[in-house]
Amino acid sequence: MTAETSQTLDRGLRVLKLLADTDHGLTVTELSHRLGVNRTVVYRLLATLEQHALVRRDLGGRARVGLGVLGLGRQVHPLVREAAMPALRSLAEDIGATAHLTLVDGAEALAVAVVEPTWTDYHVAYRAGFRHPLERGAAGKAILSARQRAQPAGEGEWPGYTLTHGELEAGACGAAAPLLGVTGVEGSVGVVMLADVVPERVGARVMDAAREVAEALR
């Protein structure tokens with residue numbers, strides 16, 4: 001902590017992060033131990049966060065993240081979209097295919113930013129807001145592949161890219177690479193095109209774009 005920071009706010013944010021990392025909530029005693037403060041401090045923090053609907057407590061007294069965080073989360077997509085657009089435009093123009101940034105939304109993949117190439121005679125129409133299961137399509141499968149990695153990527157490493165064909169639209173194939181190293185953001189960058197086979201150079205180009213977007217979001 002420095003003179004310019006608030007200890008109370010810091011503790012409140014730490015409470016939210018601890019609750020976000022558990023599916024079953026935490027008791028006041030558990031939070032007290034993890035924060036290294038007494039129970040009275042935790043009670044005050046929880047009461048304040050509850051007033052803003054950022055925390056809720058169930059009948060058993062366990063604290064969980066509240067629905068108020070959804071309102072804050074809705075403002076994240078425009079910021080992420082804006083940061084990703086330069087890399088997506090470059091990718092779409094270079095490959096001549098529709099480029100997209102896809103983020104996790106529950107059990108689904110949600111396209112939050114889409115750029116279509118300007119010079120092609122035809123391309124796949126793909127709209128922001130399009131959803132599909134994580135288990136289908138290159139965008140979702142790239143995200144799942146990153147989850148399955150036993151260890152985080154080391155310096156200079158990248159988990160590669162995912163290719164699919166005809167899983168979301170007949171005759172369309174896709175390539176996507178996951179975003180890595182961006183706290184609080186789980187997603188992928190990819191392209192979708194009308195082709196029988198994804199050209200060899202597309203995979204490497206998609207991975208480059210994913211790195212660019214990740215760097216823009218850090």
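This is a predicted model: local features need pLDDT of at least 70, side-chain atom pairs count only at pLDDT 80 or more; totals for chains, interfaces and linings use all residues.
Residues are numbered from 1 along each chain as its sequence is written, and side-chain values use heavy atoms, with hydrogens and water left out.

**The sheet**
- Six strands make an open sheet in the order β5-β4-β3-β8-β7-β6, with antiparallel pairing; strands are DSSP runs of E with at least two residues, numbered from the N terminus, and two of them pair if DSSP finds at least two bridges between them.
- At the edges sit β5 (131-133) and β6 (162-165), each pairing on one side only.
- From one strand to the next, the twist averages 30° (axes are lines fitted to C-alpha atoms, and angles between N-to-C directions run from 0 to 180 degrees).
- β3 (residues 98-105) and β4 (residues 108-115) run antiparallel, joined by seven bridges.
- Across from H100 you'll find V114 in β4.

**The helices**
- Helix α5 (residues 76-95) lies across β3, β4 and β8 (187-194), at about 65° to β4; helices are DSSP runs of H or I with at least four residues.
- Helix α7 (residues 200-217) packs on the sheet and touches β3, β7 (172-178) and β8, its direction making about 145° with that of β8 (contact means heavy atoms within 4.5 Å).

**A loop residue**
- T120 sits in the loop between β4 and β5.
- T120 counts as buried because its relative accessibility is 19%, and buried means under 20% relative accessible area with a 1.4 Å probe, protein chains only.

Methods
Buried means under 20% relative accessible area, exposed over 50%, partly exposed in between (1.4 Å probe, protein chains only).
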